Amino acid sequence: MNITILDDYHDTVRTLACFSKLAGHNVKIWNDHTKDVDVLAARLADTEALVLIRERTPIRAPLLERLHKLKIISQRSVYPHIDVEACTRRGVIVSSSMHPGQPSHATAELTWGLIIAAMRQIPQQMAALKAGKWQIGVGTGLHGRTLGIFGYGRIGSVVAGYGKAFGMKVLVWAREASLASARADGYSAARSKEAFFEVCDVISLHMRLVDATRGIVIAADLARMKPTALIVNTSRAPLIEPGALVNALRAGRPGMAAVDVYEEEPLLDARHPLLTLDNVVCTPHLGYVERDAYESQFSEIFDQILAYLAGKPVNVVNPKVLESAKT
């Protein structure tokens, strides 16, 4: 089978133990990134199985219409970047494991690393030291401060546990079902969204990006934060109202941000406002980019292809394709 893997930036996939699952197949791996439909159509002309790394490349109807040999798209997690209806019309199976019950410890760990790095000014202190300076400021500790978890799901609950281990007070704001879960785990719920933003010293966002959560953090929310507070986003950039974060940081409320996600990725413009602010720690969407996480992710992705080849596709998000194949 002709299998293509897109956007493997650091040529890591072939080094994974699970890559052996594709032995005997013709596998092409692309390490660069492009959204150009003509380029992608040429690269994928003979592709029967397409492997996607999260949401790096959008797969829309204009491209799908030119991929005449494509039979299956295999990936993991949510799929807002895939035109599922267009896939269904063209008879292309979309298999995507939602890994139920499996929190992304890699993302939770990065979140906590960003919290410590931002509060203790680690990147800025490192840069100053390399420039021949010694101690350019005084950081802020975490013990006894209030950690706000906005969205109490698989990752948010893990980060809450890290906060508790560091001696922080954990406060949660989320939809009612998630608040009930947080209370059951021994955490407090904020009395309102407004109070949540006002009292927390660190706020970490942990929600999926859907219509209901797009722009859920507005300028007025950020303006309520303390000038000493930190907001962390390792989920999705559009959870915050467009332009609101940069404006809020320039206004001094909150005083800091730590960001792993951006409106357009990959972010290669060093002039991007977030990269020019001294009170922001930025990383290039590293949340899930960790070797154990990659092994787990691609093992499931490759198993989905093997299941398809065995005539028993799994994790199919467009089952109408299977119904059509029977008629």
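## The open sheet

Seven strands make up an open sheet, and their order is β8-β7-β6-β9-β10-β11-β12. The pairing is parallel. Two strands sit at the edges: β8, residues 188-189, and β12. Each of these edge strands pairs on one side only. The model described here is predicted.

One pairing shows the detail. Strand β6 covers residues 146-150, and strand β7 covers residues 169-173. The two run parallel and are joined by five bridges. Ile 149 has Val 172 in β7 as its bridge partner.

## The protein as a whole

The protein holds 13 helices and twelve strands. Its C-alpha trace spans about 65 × 50 × 35 Å along the principal axes. What radius of gyration does the protein have? The value is 22 Å. A compact globule of 327 residues would have one near 20 Å, so the two agree.

Of the 327 residues, 46% count as buried.

## Surface and charge

The accessible surface comes to about 15600 Å². Carbon and sulfur atoms account for 54% of that surface. The protein carries 37 positive and 33 negative charges. The mean positions of the two sets are 3 Å apart.

Strand β12 spans residues 280-282, and Val 281 is found in it. β12 is an edge strand of the sheet. Is Val 281 buried or exposed? Its relative accessible area is 8%, and buried means under 20%, so Val 281 is buried.

Which residues does Val 281 touch, leaving aside those up to four places away in sequence? They are Leu 114, Ala 118, Pro 123, Gln 124, Ala 257, Ala 258 and Val 259. Strand β11 covers residues 256-259. Helix α4 covers 105-119, and helix α5 covers 122-130.

Helix α10 runs over residues 244-251. Its buried residues are Ala 244, Leu 245, Val 246, Ala 248 and Leu 249. An α-helix has 3.6 residues a turn, so residues three or four places apart point the same way.

The buried residues of α10 pack against five elements named here: α9 (219-223), β10 (230-233), β11 (256-259), α11 (273-276) and β12. Three of the strands in the open sheet are β10, β11 and β12.

Gly 252 and Val 281 are 29 residues apart along the chain. Their C-alpha atoms are separated by 15 Å.

## Two cis peptide bonds

The loop between α10 and β11 contains Pro 254. The peptide bond from Arg 253 to Pro 254 is cis, with omega near 0 degrees.

Pro 266 lies in the loop between β11 and α11. Here the bond from Glu 265 to Pro 266 is cis, again with omega near 0 degrees.

Asp 7 is not a glycine, yet its phi is positive, about 65 degrees. Asp 7 lies in the loop between β1 (2-5) and β2 (26-29). With a relative accessibility of 3%, Asp 7 counts as buried.

Gln 121 is not a glycine either, and its phi is positive at about 60 degrees. The loop that holds Gln 121 lies between α4 and α5. How accessible is Gln 121? At 23% relative accessibility, Gln 121 counts as partly exposed.

Notes
Residues are numbered from 1 along each chain as its sequence is written. This is a predicted model: local features need pLDDT of at least 70, side-chain atom pairs count only at pLDDT 80 or more; totals for chains, interfaces and linings use all residues. Side-chain values use heavy atoms; hydrogens and water are left out. Helices (H or I, at least four residues) and strands (E, at least two) are DSSP runs, numbered from the N terminus. The radius of gyration is taken over C-alpha atoms; the globule rule is 2.2 Å times the number of residues to the power 0.38. Buried means under 20% relative accessible area, exposed over 50%, partly exposed in between (1.4 Å probe, protein chains only). Accessible areas come from the Shrake-Rupley method with a 1.4 Å probe; for residues, only the protein chains shown count as cover. Lys and Arg count as positive and Asp and Glu as negative; His and the chain ends are not counted. The place of a charge is taken as NZ of Lys, CZ of Arg, CG of Asp or CD of Glu. Contact means heavy atoms within 4.5 Å. Two strands pair if DSSP finds at least two bridges between them.
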